[in-house]
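Dear colleague,

Please find below the structure that I am handing over to you. My notes on what was found in it follow directly after.

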Number of protein chains: 2
Amino acid sequence: MRYLSQIFQPIITIPKNAKIKNTEITCKSQKLLLECGLVRPTGTGFFSILPLARRSIDKLEVLIRKGIESVGAQNITLPTLTPSSLWEKTGRLGSEAELLTVEDRHEKQYLLAPTYEEAVADLLSDVGPISYKQLPLLLYQISNKFRDEHRPKHGLLRAREFAMMDAYGAHATLACAERAYERISEAYRRIFEELQLQVFRVSAPSGVMGGSVSHEWQLPAAPGEDRLCVCLSCHHASTSEGRCVVCGGETESLGSIEVGHTFILGTKYSDPLKAHFIPPSGPAEPLVMSCYGIGITRLLAASLEALSSDKSLRWPRHIAPYSVLVIGPKEGSKEWSAHGVDSIDRLYRRLSEVPGLTNDILVDDRHTLTIGKRLLMGDKMGFPYIIVCGRSTLDNPPKYEVYKSVPHQQSAPVLLNLEELLIMLTDKVECDNLKILENKN
Amino acid sequence: MRYLSQIFQPIITIPKNAKIKNTEITCKSQKLLLECGLVRPTGTGFFSILPLARRSIDKLEVLIRKGIESVGAQNITLPTLTPSSLWEKTGRLGSEAELLTVEDRHEKQYLLAPTYEEAVADLLSDVGPISYKQLPLLLYQISNKFRDEHRPKHGLLRAREFAMMDAYGAHATLACAERAYERISEAYRRIFEELQLQVFRVSAPSGVMGGSVSHEWQLPAAPGEDRLCVCLSCHHASTSEGRCVVCGGETESLGSIEVGHTFILGTKYSDPLKAHFIPPSGPAEPLVMSCYGIGITRLLAASLEALSSDKSLRWPRHIAPYSVLVIGPKEGSKEWSAHGVDSIDRLYRRLSEVPGLTNDILVDDRHTLTIGKRLLMGDKMGFPYIIVCGRSTLDNPPKYEVYKSVPHQQSAPVLLNLEELLIMLTDKVECDNLKILENKN
């Protein structure tokens, strides 16, 4: 049984009517994550991820791993430090203003990698030339990356250290790379679909990454630094305004947040770093590379921006820290005298049997607080289901107040007996959550 | 179905009778991990972890998480970069020669943290003073740490970037800290027991960490830089030679590797960084802190040192990259003609139904290679069970050659029919592996 009272969650209580001027807090995800004790800044653009947010990120990572592994990606871990000499060879060392660099005791320079094209090309060069039979190859990692932003802002949306999934493809030809690119784009779509987020794939310039094809994956949300033009008729999205290029329909301009990026890189990295393969006949050739990123901590914050109200967090259901919060009776109340905490134990055991809910139920055991106060906090935290054991548990059969979270809104309760509650959770949770949890096996 | 041919595993084939002088390879874990395509150096003391080793580390992390969470530890993630100013306050900045430091664009200095006492004390100070009711508090993370070793050596045993679990306790009194320390030491013992490794807890000087109590957790293994004196009668271990201080018996001196370290730190960090708690009465007081580390990549390499022969890897069974390797018939053989690959599919499905084996079976589908050659490589890789579908699958009922890996030895086969094989695997795997995989849920 997981008890809320035991969780390290340094909530910030803001007195009613307090006028707070904190100009560093510029968006609701940052404000709510901080107030709810989920993250804590350690300096400008750096954050400690606290236990409940860590659980949410764990779930998000499992979901992304499942998605990217479904198209054959293999998990590796590259060192955080990339020798600067590799970036010199590809000409990127001078062109990136946001690099953090470090020198070792022998004055050799490394960079705290913001991205790993050079490191992967160097790995493939080191073990190569590899056979065409091993292609296509798709390697990925989830790790912390670094970017010395001039002005870090919006909390986890633009931090200087951030968690990211980055995948790198190696192909024999551009046509092979394009086929893989579309397969991986499909995996991206499935990931965002599971999160119930409407993320648009938008053509983008390749910039300093080089290469021929590039898309940004944009989630519409208010504090976004990007603008997205979505056609009101066919929903085609682009970054340029004007009528829709596909159907000529009118477009709507939205703020949006880039949560992913995909590129076909060509041989920009494999050529200078000599990452070669051996074709069926003829001499070794440079690999055609592609790369794929999803900002994990950014996606978490972006989805909170897209779904939350100003007052209450709302999560994609699969990545809420816990799927269910159970609030027990207040100490000394009639229902407390009638049932005590035993009834919570029994309820917890029954709920735990729902497939997908095992270890995903949190009990708010702060029985000295009123139900109302705990419910307010639970709603602010945005747990997908809140089950209140209040006065109606004295009914025969006992009834529970069940609050199902809805984006942008405060939850309204329904009264259900245990069997009805179990049916509802089984229907909802089994199909939603089970797939993710299964993947952990 | 997982196929070996699809795995990125850049094996190094060394010609027979080749005389190789690579003075950088100084121990067998490094040699075998490299030859088997499991890791790859990217520079002195830096390594890329490739897919099969990544799987092994994933399993090790799950096992360690389970252990440390069983005593109430909560998972957090602190930034890799700690402001140097925090280390100035505790006086450690000048005393550590192996720090890597980095400056941001505003010339603020950070260090790539080798350890997080300051960062955790600062977090507790930032959210504090916390109530005594929240104590004891135990926070942990798994992340990459950095140490600019003068002479990195022995591969993953002494790298400059390494994965580590580090946990930090906060307590009201030294007595509370001591009670928690013993509980966590018990969790350490269970972790090493599950790995079937004989790890000794040895009293140690606290050194630069400060504090009152300190133990090293030492695994006897040949290339160890430490010496361990183990009593031949009572098995008490210490770092000082001479007769055993407990029973007076004779001692044996062994090379050993430090795989973990535990400390009670007192108020060395909480005092200067003002990490305070509010006792039941009276003013706020500094927290009594403790800390606990297990080197994850080091423990992996150390366990390979302890169990492997010079020629073949041997893993603690729970953390082998896959529990079972299935080797199918050679293309064109009698058994190939009789069964083809269909029989492998059927076998795979039956094996997958064994609790704990789902997704943990690898099929060596390189059917153009002889069974002998694939078996040799499988034995070198040290898969706990290797199942060969050779000539005896023509028997009625078909029989499989089953090789069970044994530390330091080459495996010898037994011939089993499918039912016997399933019983053997169910007995062995269910009790061994299931606990770990369950925990992932």
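The model is a predicted one, and every value below is computed from it. Between chain A and chain B, 20 residue pairs are in polar contact, both residues of each pair being at pLDDT 80 or more. On the side of chain A that touches chain B, the residues comprise 26 nonpolar, 15 polar and 13 charged. The contact draws 54 residues from chain A and 54 residues from chain B. Together the two chains bury about 4,600 Å², and 51% of this area is on carbon and sulfur atoms.

Four salt bridges cross the interface of chain A and chain B. In a salt bridge between the chains, the side chain of R40(B) meets that of D126(A) at 2.7 Å, N to O.

How are the two copies related? The same surface serves both of them, since 100% of the contact residues of chain A recur in chain B.

Salt bridges within the chains

Over all chains, the structure holds 42 salt bridges. In chain B, R54(B) and E61(B) form a salt bridge through their side chains, at 3.4 Å from N to O. Both R54(B) and E61(B) are buried.

E194(B) and K66(B) also meet in a salt bridge, with 2.6 Å from N to O. E194(B) belongs to helix α5 (residues 174-194) of chain B and K66(B) to helix α2 (residues 51-69) of chain B, so this pair ties together parts that are 128 residues apart in sequence. E194(B) and K66(B) are both buried.

A further salt bridge joins the side chains of R314(B) and D379(B), at 2.8 Å from N to O. R314(B) is in the loop between α6 (296-307) and β19 (324-327) of chain B, while D379(B) is in helix α9 (residues 371-381) of chain B, so the pair ties together parts that are 65 residues apart in sequence. R314(B) is buried, its relative accessible area being 2%. D379(B) counts as buried because its relative accessibility is 9%, and the cut-off for buried is under 20%. In chain A, K31(A), E35(A) and K380(A) are joined into one network by salt bridges that share partners.

Loops and backbone of chain A

The loop between β8 (130-131) and β9 (137-146) of chain A contains Q134(A). Q134(A) counts as partly exposed, at 31% relative accessibility. From C-alpha to C-alpha, Q134(A) and L287(A) are 12 Å apart in space, and they are 153 residues apart in sequence. P136(A) also has its place in the loop between β8 and β9, and the peptide bond from L135(A) to P136(A) is cis, with omega near -5°.

Another cis peptide bond runs from N396(A) to P397(A), with omega near 0°. P397(A) is found in the loop between β21 (385-388) and β22 (399-404) of chain A.

Which residues other than glycine have a positive phi? One of them is H235(A), with phi near 65°, in the loop between β13 (226-231) and β14 (237-238) of chain A. H235(A) is partly exposed, at 47% relative accessibility. N359(A) likewise has a positive phi, of about 60°, and lies in the loop between α8 (342-352) and β20 (361-364) of chain A. At 29% relative accessibility, N359(A) is partly exposed.

With kind regards

Notes: Residues numbered from 1 in each chain as written. Chains lettered and ligands numbered in written order. Predicted model: local features only at pLDDT ≥ 70, side-chain atom pairs only at ≥ 80, totals over all residues. Heavy atoms only, no water. Contact = heavy atoms within 4.5 Å. Buried area = accessible area lost by both parts, 1.4 Å probe. Polar contact = N/O pair within 3.5 Å; in protein donor to acceptor, adjacent residues only side chain to side chain. Nonpolar A, V, L, I, M, F, W, Y, C, P; charged D, E, K, R; others polar. Helix = DSSP H or I, 4+ residues; strand = E, 2+ residues; numbered from the N terminus. Buried < 20%, exposed > 50% of the residue type's maximum accessible area, 1.4 Å probe, protein only.
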